[in-house]
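Dear colleague,

Please find below the structure that I am handing over to you. My notes on what was found in it follow directly after.

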Amino acid sequence: RQLINDLWMAQDNGELRLFYQPKFRAPDGPVVGFEALLRWQHPQRGLLTPDVFLPLAEKTGLIISIGNWVINEACRQLRVWHLQGNTRWSVAVNLSALQFEQTGLVETVIKALSTHQIPAELLTLEVTETTAMRDPDESIRILTQLTELGVKASIDDFGTGYSSLLYLKRLPASELKIDRAFVKELQEQTEDATIVSAIVALAQTLNLKVVAEGVETPEQQQFLTSLGCNTLQGYLLGRPLAADKVPELADFFT
Ligand code: G
Ligand code: G
Ligand code: MN
Ligand code: NA
């Protein structure tokens, strides 16, 4: 209850932060970009992760204004890195279902790109497979509008939803992110290995890049690379970092 009140204030009080988790060209670099992950620096409770407050934000509709802030802030940071010479880095932003279906999304993206003068192709919007397949025709319509701006679309948590392959083929996405549930216990000769191979084959057929998330061990890193995942993300390679910690990491890997 109190948390809801605090959340109303959080944005105005400047308590929201974006952390950035690096994504690497498989197997170990260079850094190709980052996923922006929302954090809330709560005055009493400390740094909160989205699982604590996103459900509240969704329920109250606050996710729309928070989500708009996220898009703008990610573009602002992208501009900073761009001016520092990191002109190839992209940033991926997660969209919640409500935000994805909201009519103002396209305008928000246009405005953020133009305010910060970001080449559109450096911004990726992640929607989960479940969100994308809720109303597939509508998703195709929304993603078409967005990708016509030049931004990229990525299907997040892939493998946990119920994709119609017919729709997946028509969706103007450029990337699939394999859910980390399939990576967690990945080993040769396991069902998960077969599933990852199948997703990679599907992605190749549809001309999509494949990102594996949740990479925590060198064995997963090697195996995912051998299975054909182009991009790797996970604690082994890099944890989500505050923006000011990112350049050190990037120098190390380039
Ligand atoms: O690191 P992590 O705890 O950040 O993220 C937990 C969950 O919250 C993930 O499912 C992630 O996609 C989601 N998430 C993180 N940042 C955002 C955001 O800015 N917007 C939305 N809608 N979801 C986010
Ligand atoms: O749902 P989405 O894929 O957007 O969520 C990303 C979430 O995964 C964030 O909570 C992020 O902190 C978390 N994450 C990123 N890398 C790893 C990892 O290697 N292991 C685990 N367990 N979680 C990770
Ligand atoms: Mn994501
Ligand atoms: Na995911």
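In what follows, Ala, Val, Leu, Ile, Met, Phe, Trp, Tyr, Cys and Pro count as nonpolar, Asp, Glu, Lys and Arg count as charged, and the others, Gly among them, count as polar. Please note also that this is a predicted model.

I begin with the ligand. The residues around ligand 1 are Leu37, Leu38, Thr49, Pro50, Asp51, Leu54, Gly67, Val70, Asn94, Leu95, Ser96 and Pro240. By the grouping above, this shell divides into seven nonpolar residues, four polar and one charged. At least two residues of the shell come from each of β2 (31-42), α2 (50-60) and α3 (62-83). The most is given by α2, which supplies three residues.

Strand β6 (residues 152-158) runs parallel to β7 and is joined to β7 by three bridges. Within this pairing, serine 154 has glutamate 175 of β7 as its bridge partner. Between the two strands, the chain passes through helix α8 (residues 165-170), and this β-α-β crossover is right-handed.

Strand β8 (residues 209-212) also pairs with β7 in the parallel sense, over four bridges. Here the bridge partner of glutamate 175 is lysine 209 in β8.

Yours sincerely,
A colleague

Definitions and conventions. Residues are numbered from 1 along each chain as its sequence is written. Chains are lettered from A and ligands numbered from 1 in the order in which they are written. This is a predicted model: local features need pLDDT of at least 70, side-chain atom pairs count only at pLDDT 80 or more; totals for chains, interfaces and linings use all residues. A residue is near a molecule or strand if its C-beta atom, placed from the backbone, lies within 6 Å of it. Two strands pair if DSSP finds at least two bridges between them. A crossover is right-handed if, with the strands pointing away from the viewer, the path from the first strand over the helix to the second runs clockwise.
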